[in-house]
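Student: Could we go through this protein together? I would like to know how to read its pockets, its helices and its backbone.

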Amino acid sequence: MSGTETSRKRSGEHGTAELAEFASALSIRDIPEHAVERCVDLFVDWAGSALSGARHRAILAVDDFAKEMGPNHGRSEVLISGRMTSPLFAAMVNAAASHVSEQDDVHNGSVFHPGAVVFPAALAVAQNIGASGRDFLTACVAGYETGIRAGEYLGLPHYKIFHTTGTAGTLAAAAAAGRLLGLGSEQMLNAFGSAGTQAAGVWEFLRDAADSKQLHTGKAAANGMTAASLAARGFTGARRILEGEQGMGAGMSRNCDPAKITAGLGVRWALAETSFKFHASCRHTHPAADALLKILHEHDLRADDIQHVTAHVHQAAIDVLGSVVRPATVHQAKFSMPATLGLIAVHRRAGLDEFDTVLEDEAVRELMRRVDMIFDPEVEQNYPATWMGKVSVTIRGGTVLTARVDEPKGDPGNTLTRDEIEKKARTLAQYGGALDGDGWTRVSRKLWSVASLEVIGSLLR
C-alpha cells in the first residue's frame, strides 16, 4: 500500500469521532462570510417550502398526529399554523411540510436534501432555548457539513435503496441540535451514534404513491434532535456509527471510503455547494427539463410540434423515476419524467400550479406518451458531481434536435439571486395559504435578518 493510501485509510479510521469534534467545536468565526450568507439564503428558501405544505393532506395528517401526541403549548413553532408546541413535534411537522412540494434544496454530490432536516431541528431547538441568530446559523452549518459528508460516505449504492435524506439527514439534524445544546465532542459522538441507529427511509413508497417521503424528513429531524437531547443527558451511542463493522456503511451501502467522512472539514464548505430547486419536481427531472426548455426557446417550438422526447439520464434517475409509470397522485407525478417534461413542453413551466392540474391536463397527458428515458454513459460518468441534462427532441418532419445543460438552474454555477429566492419563497408561502402577501413580507424581514437576531423567537408573530 502506498504512503498516500496509508494516509487516506488512517485519516478515516476515526471519521465519526472527527466529524463529531468538528460539529461540536464549530464557531461562527470559523465559517467564511460567503458560507454564512449562503446559509441565510437557504434558510429563506426552506421557510418558503415549509409554508407551502400547509394545505397538503399528508402534512395535515402529520400535524393532527402532533396535536394529539404533543403539548398544545411551548416555545417551538409549527410554521404551517403558528401553533406553539414542543421542539420534538415542531421539528417533525416543519420537516415534513418542507419536503412535500419538492422545492427544497439539494446537494448534488451526496444526493441529499439538507434544508428539510437541518433547519426544522435547529429552529425548534433555537426557539426552545432562546438561542441567538448567530448560534442558530452556526448550528445549521454544522448540520449541513455533517449530513453532506455522511451522504457522500454512504454513496450511490446506498441511494439506490435508501432515501439519503432520511438516513444521513438524521445525523445532520443531530449535529445541528447538538451544536445548539452545547454538546462536547464526546456527547456529539454519542448523539451521532443514537441518530445513526434510528436512520431509515427506503424508496419503495414511490411504487404506491405513498406519503412516506414526508415521514422520512419528519422523523429524521425529530430523531436527530432526540439523539442530541439524550446525549446531553448522558445517553451513549455507538462511537463508529458510520464506519464501524456493523455501522451504517456496512449495513446500508458497500465499498464506502471512510476518508469521505472528514474530507476538507473546515476548509471545504459543502453547504455552499448546495443547489436550489427551480422546478417543483424531483431533482432528477431538472437537468432534462432545463435542456428541453433550451430547445423550446431556441427553436420557438410548441408542444404540437413535438413527436418524441428522449431524456438521456444517469442510472440513479432511472432507479428513482423508473418505477413511476402512470402517476396516480400529484406528488407521484413529481417523480415522473414524462409528467415533468410534458408540463415543460405544454406550459414551459413545471411549478406548483402546473402540477396541481397535471393529472387532468389532456395536452400534458398526451405528450407524456411521447417521452422516454435512456441511460447515457456521459451523464452517468459525470454524476453525482455534475447533474448534466441532455435531451433529444424529434419534431414534425423527423428532424432531431438536441440540447445539453451542464448546470441546471439553481446549481452553484447557475444559482438563484436573492431576488429570485425571495420571489420563489413568497410564491411558495402564498401557495400554502398560511400567509398572505403582507404576512410574508413581515416574515421575510425576520428571515433575511436572522444573523442579527439576539433571540430566535416566533417567525410568524
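Tutor: We shall take the pockets and cavities in turn, then a pair of helices, and then some backbone details. Please keep in mind that this is a predicted model.

Student: Understood. How much space lies in the largest pocket?

Tutor: The largest pocket holds about 480 Å³ of space.

Student: And which residues lie nearest its centre?

Tutor: Gln103, Phe278, Arg349, Lys424 and Thr427 lie nearest the centre, out of 20 residues that line the largest pocket. Two elements give two or more residues to this lining, namely helix 16 (352-356) and helix 19 (418-432).

Student: Which element gives the largest share of that lining?

Tutor: Helix 19 does, with 6 residues.

Student: What is the lining like by class?

Tutor: The lining of the largest pocket has 8 nonpolar, 8 charged and 4 polar residues.

Student: Let us stay with helix 19. At what angle does it pack with helix 20?

Tutor: The angle between helix 19 and helix 20 (residues 437-448) is about 135°, and their axes are 10 Å apart. Helix 19 is therefore oblique to helix 20.

Student: Why give both an angle and a distance?

Tutor: Both are given because two packed helices are described by the angle between their axes and the distance between the axes.

Student: Is the crossing left-handed or right-handed?

Tutor: The crossing of helix 19 with helix 20 is right-handed.

Student: Now to the cavities. How many of 30 Å³ or more are found in the whole structure?

Tutor: The search finds 2 cavities of 30 Å³ or more.

Student: What lines the largest cavity?

Tutor: The largest cavity is lined by 13 residues, and those nearest its centre are His113, Tyr159, Cys282, Arg283 and His284. By class, its lining has 7 nonpolar, 2 polar and 4 charged residues.

Student: And which residues line the second largest cavity?

Tutor: Its lining includes His284, Pro287, His312, His314, Met337 and Lys390. The elements that give two or more residues to this lining are helix 12 (286-299), strand 3 (306-313) and strand 5 (389-395). The lining of the second largest cavity has 6 nonpolar, 4 polar and 1 charged residues.

Student: I noticed His284 in both answers. Where does it sit in each case?

Tutor: His284 is among the residues nearest the centre of the largest cavity, and His284 also lines the second largest cavity.

Student: A change of topic: the backbone. Which residues does a cis peptide bond join?

Tutor: A cis peptide bond joins Tyr383 and Pro384, with omega about 5°. Pro384 is in the loop between helix 18 (377-382) and strand 5.

Student: What about phi? What is its value at Ala209 and at Arg348?

Tutor: Ala209 has a positive phi of about 55°, although it is not a glycine. Arg348, which is not a glycine either, has a positive phi of about 60°.

Student: Where are those two residues placed?

Tutor: Ala209 is in the loop between helix 9 (185-196) and helix 10 (212-232). Arg348 lies in the loop between helix 15 (337-347) and helix 16.

Student: One last topic. What does UniProt list for residues 18-255?

Tutor: The unreviewed UniProt entry lists residues 18-255 as "domain: MmgE/PrpD N-terminal". In the model, this span is 63% helix and 3% strand, and its end C-alpha atoms lie 20 Å apart.

Technical notes. Residues numbered from 1 in each chain as written. Predicted model: local features only at pLDDT ≥ 70, side-chain atom pairs only at ≥ 80, totals over all residues. Heavy atoms only, no water. 1 Å grid on protein atoms, 1.4 Å probe; cavity = no way out; pocket = protein on both sides within 12 Å on 5 of 7 lines; lining within 4 Å. Points joined across faces, edges and corners; volume = space filled by probe spheres on them. Helix = DSSP H or I, 4+ residues; strand = E, 2+ residues; numbered from the N terminus. Nonpolar A, V, L, I, M, F, W, Y, C, P; charged D, E, K, R; others polar. UniProt positions renumbered as here; feature names shortened; annotations may be inferred. Axes fitted to C-alpha atoms, helices over the stretch in contact; angles between N-to-C directions. Parallel < 35°, antiparallel > 145°, perpendicular 65-115°, else oblique. Left-handed = near helix turned anticlockwise from the far one by under 90°.
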